There are 4 protein chains.
Amino acid sequence: MNYLYDDMKEKLRDIIEDNTTIKGKIFGYSIQVLIILSLVAFTLETLPGNSESTIQALNTFELICILIFTVEYILRIVISKQPFKYIFSFYGLIDLLAILPFYLKGIVDLRALRAFRVFRALKLIRYNKALNRFHIAAKIVKEEMILFFIITSIFIFIASAGIYFFENKAQPELFTSILHSGWWAIATLTTVGYGDIYPITMGGKIFTFFILIIGVGVVTVPAGLVASALSKAREIERENDLKKASLSNKTSQE
Amino acid sequence: MNYLYDDMKEKLRDIIEDNTTIKGKIFGYSIQVLIILSLVAFTLETLPGNSESTIQALNTFELICILIFTVEYILRIVISKQPFKYIFSFYGLIDLLAILPFYLKGIVDLRALRAFRVFRALKLIRYNKALNRFHIAAKIVKEEMILFFIITSIFIFIASAGIYFFENKAQPELFTSILHSGWWAIATLTTVGYGDIYPITMGGKIFTFFILIIGVGVVTVPAGLVASALSKAREIERENDLKKASLSNKTSQE
Amino acid sequence: MNYLYDDMKEKLRDIIEDNTTIKGKIFGYSIQVLIILSLVAFTLETLPGNSESTIQALNTFELICILIFTVEYILRIVISKQPFKYIFSFYGLIDLLAILPFYLKGIVDLRALRAFRVFRALKLIRYNKALNRFHIAAKIVKEEMILFFIITSIFIFIASAGIYFFENKAQPELFTSILHSGWWAIATLTTVGYGDIYPITMGGKIFTFFILIIGVGVVTVPAGLVASALSKAREIERENDLKKASLSNKTSQE
Amino acid sequence: MNYLYDDMKEKLRDIIEDNTTIKGKIFGYSIQVLIILSLVAFTLETLPGNSESTIQALNTFELICILIFTVEYILRIVISKQPFKYIFSFYGLIDLLAILPFYLKGIVDLRALRAFRVFRALKLIRYNKALNRFHIAAKIVKEEMILFFIITSIFIFIASAGIYFFENKAQPELFTSILHSGWWAIATLTTVGYGDIYPITMGGKIFTFFILIIGVGVVTVPAGLVASALSKAREIERENDLKKASLSNKTSQE
């Protein structure tokens with residue numbers, strides 16, 4: 001009987017973990033479609049003026065989704081060769097966070113925890129193979145990204161502290177502290193510029209001028225770095241493919 | 001007589017389909033100028049306070065344009081070696097959509113269908129050869145673009161759902177549902193920031209901070225990818241040209 | 001005497017046209033400083049509440065500047081080997097436009113023509129050698145830039161016409177015609193988003209969503225193309241330098 | 001005794017100047033943490049509604065920080081082999097500016113000078129090695145950056161002067177002078193667009209259209225240049241590493 005159980009685990013593994021087989025693909029895409037549908041339901045739920053029947057239908061659908069995701073989560077643990085590795089992996093935690101809030105409803109306050117349901121969206125990335133190139137690119141630019149994150153942080157702090165000294169007296173209710181000025185700094189340096197907070201003194205405007213001339217570049221460069229790293233990753237991928245091809249060619253010629 | 005008809009078709013093909021002959025070029029550019037003029041007329045038509053005579057003049061010009069475009073459309077079908085392939089091609093459908101609304105005026109409501117006339121603008125791209133490089137670049141970055149589209153979609157959803165939980169209570173008339181918050185998400189992540197909707201709670205502002213730090217890059221990277229793919233496409237083109245040149249050189253030397 | 005005149009012309013040419021000699025450099029930088037000072041004076045002139053004496057001082061300085069620029073312009077024509085080529089060159093026209101408004105004061109209305117004085121700013125670029133790399137880069141991306149200009153134009157038109165149909169009924173005073181909607185299109189696609197005009201209908205917002213997802217890339221790609229073309233231009237420059245170096249090396253070895 | 005003193009200086013140098021030893025790393029990171037904490041304290045200090053005890057605690061912490069930074073500054077001068085080189089170096093001046101305002105409190109007005117404490121944030125960069133690649137990249141794009149800075153300056157001036165002539169009559173309180181219009185120019189060209197100042201005349205809007213079509217690129221290109229220069233710097237670094245590796249390989253083989 002133990003043999004039968006192992007055999008079934010093997011078969012389930014082919015469906016759930018392996019997405020190269022036909023059965024695995026069907027399973028993978030079904031889960032993806034279900035995730036999208038559950039997110040759509042979640043979005044509709046927040047719309048105002050839903051009728052009684054609509055709310056009931058959405059709740060039922062939510063129940064079915066949670067049930068399927070729970071079964072999927074348990075199966076993934078059972079069939080896994082290293083269950084703990086899966087549980088504490090990035091996707092394992094997301095899988096858990098996607099269902100946990102439902103079970104904690106009774107214990108903790110409902111509204112705050114529902115926010116975690118958003119993470120279900122991240123499960124969508126799970127079944128995508130092309131992500132490999134992104135991992136290579138991430139490795140290439142890792143150091144620069146950290147440095148840019150530090151420089152950006154310093155920059156935002158200098159912008160916040162600077163504008164605070166220029167605008168605090170003129171607009172004390174908006175630029176109340178350096179923390180409050182930070183909201184201006186982030187909205188300005190990312191060039192969003194909502195228009196709810198902006199300098200009105202001549203000093204503050206000239207300060208903004210210099211902050212923007214330097215700062216816009218600081219915020220935009222990382223995107224350029226990622227783009228060029230992705231191009232590099234593509235080249236590395238192609239070179240590896242060529243090497244493999246020439247190797248298998250040599251072997252077959254011998 | 002059948003022979004004469006085939007001969008005429010061949011001659012028309014030289015004018016309409018082939019844009020390397022002088023006649024073909026004249027025809028091509030005339031159609032382009034007519035498209036631009038019809039778009040200008042379309043724009044003027046929407047201006048308020050047009051006089052009676054202006055409206056009549058614009059209507060007459062519209063009639064002439066539709067007539068010429070209809071003749072062009074029918075000729076393209078008649079002379080084509082594979083009429084159905086043309087009809088269901090991208091440009092074939094645009095050519096049809098550019099004239100169809102006029103003929104459906106009597107049957108369906110006029111205003112809504114006129115919007116399709118906008119697609120006439122896309123006919124402008126038809127006669128341009130340099131687009132080839134764009135097709136190569138599109139092939140290169142296709143996979144990354146799809147992945148980035150998925151990541152951007154997830155990101156917009158997370159941003160919308162997140163800000164909904166932070167701002168819904170403080171500004172229920174603006175952040176009414178996740179769908180309504182989506183309008184904020186798209187205006188913020190693309191850094192447009194109209195200023196009609198923005199977070200006012202401390203939680204919402206801190207959430208926006210993190211969304212912007214990561215999100216601005218996510219939205220800008222694709223543009224960088226397209227730019228580097230176009231550079232790559234230029235290199236491939238040059239290499240192909242060099243290969244051809246060296247090949248023809250060898251042939252002539254032998 | 002003719003010989004003396006030619007000799008003087010030759011000497012002046014060394015000062016005015018040649019910016020590799022010491023005298024030429026001094027002349028060049030003096031003119032540049034004068035241009036900047038005249039622009040500063042021009043800016044100060046527009047400030048409200050200038051005292052009588054300030055206005056007089058600025059006017060006197062303006063007179064001196066015009067005098068020097070006029071002498072410079074006449075000298076450039078006189079010493080040039082091909083006077084007409086200079087007069088109708090890009091810099092020749094700017095040099096003329098920078099002084100012309102002053103002499104036309106009496107004849108035509110003053111205010112409108114003063115705008116041309118702005119072009120004096122472009123004279124600043126004249127004396128810069130590093131521009132060469134920009135010319136190479138411009139040649140590399142010329143075709144793509146034209147194509148992107150066409151695509152951007154079509155895109156702006158589609159955006160303007162589309163939003164007009166969605167928003168015209170809801171906000172007739174803002175989205176009055178396709179032309180008026182064009183102001184929204186340009187402010188949105190460049191992500192400036194002043195907040196003076198934005199969609200309020202659900203249809204208009206969804207339309208804006210799609211326009212932004214595609215449009216932001218369309219507007220940002222050209223900048224990426226220019227950046228990568230400048231990198232390419234740098235490589236070409238270095239290769240040329242290496243070729244020259246190896247050539248002169250060979251010659252000296254023989 | 002002189003020998004003992006020199007020996008102690010040598011030991012201190014290992015801790016303060018050398019960040020490859022364990023002691024040096026501990027010292028370096030401790031200073032970094034202290035800088036961050038002092039900046040946090042500085043931020044908290046500006047918050048409104050601090051209790052008496054909080055203010056006292058923050059002041060005490062400030063005193064301790066200044067004391068430690070002063071000791072560090074004096075030690076750096078004492079142990080340095082070329083004290084004057086350190087004092088007038090970039091980091092030497094920042095180290096001084098970070099403590100100076102405290103000691104000048106009694107003499108000059110306090111509030112304005114405290115802004116210099118922000119520069120302490122720049123000390124954070126001091127202990128980072130990956131900056132090397134940024135220095136290489138900076139060298140590569142130096143010339144282009146200067147040229148772009150000039151072009152951007154000219155562009156901002158033309159935009160300011162142009163919009164002044166279009167909008168001054170319609171909105172004299174906003175576009176008062178070319179200087180005031182400069183605020184519009186910088187907010188528009190960086191695409192921040194707060195919405196506090198924008199053109200309302202048809203001429204001004206059309207002018208903005210052209211300024212934006214060209215200007216957005218001008219402001220975005222430098223970021224792309226920096227990104228591609230950083231990629232280049234990475235390649236140069238790798239090539240140098242390979243050269244060193246092959247050299248040491250040869251040496252060991254011989």
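At what angle do helix H7 (residues 131-167) of chain A and helix H8 (residues 131-167) of chain B pack, and how far apart are their axes?

Modeller: First, the ground rules. This is a predicted model, where local features need pLDDT of at least 70, side-chain atom pairs count only at pLDDT 80 or more, and totals for chains, interfaces and linings use all residues. Residues are numbered from 1 along each chain as its sequence is written, chains are lettered from A and ligands numbered from 1 in the order in which they are written, and side-chain values use heavy atoms, leaving out hydrogens and water.

Now the helices. H7(A) and H8(B) pack at about 85°, and their axes are 10 Å apart. Axes here are lines fitted to C-alpha atoms, for helices over the stretch in contact, and angles run from 0 to 180 degrees between N-to-C directions. The pair is therefore roughly perpendicular (65 to 115 degrees; under 35 is roughly parallel, over 145 roughly antiparallel, the rest oblique). Helices are DSSP runs of H or I, at least four residues, numbered from the N terminus.

Which residues touch? H7(A) brings Leu131(A), Arg133(A) and Phe134(A). H8(B) brings Glu143(B), Glu144(B), Leu147(B), Phe148(B) and Ile151(B). Contact means heavy atoms within 4.5 Å. These residues divide into five nonpolar, no polar and three charged. Leu, Ile and Phe are among the nonpolar types, while Glu and Arg count as charged.

Chain A has nine helices and zero strands. Of its 254 residues, 43% count as buried (under 20% relative accessible area, with a 1.4 Å probe and protein chains only). Among its contacts between residues at least 6 apart in sequence, 66% join residues at least 24 apart.

How far can you trust it? The mean pLDDT of chain A is 81, and 86% of its residues reach 70 or more. pLDDT is the predictor's confidence in each residue, from 0 to 100. Over residues 109-113 of chain A the pLDDT is below 50. Where pLDDT is low, the predicted coordinates should not be read in detail. For the complex, the predictor gives an ipTM of 0.83 and a pTM of 0.85.

Key: Helices (H or I, at least four residues) and strands (E, at least two) are DSSP runs, numbered from the N terminus. Buried means under 20% relative accessible area, exposed over 50%, partly exposed in between (1.4 Å probe, protein chains only).
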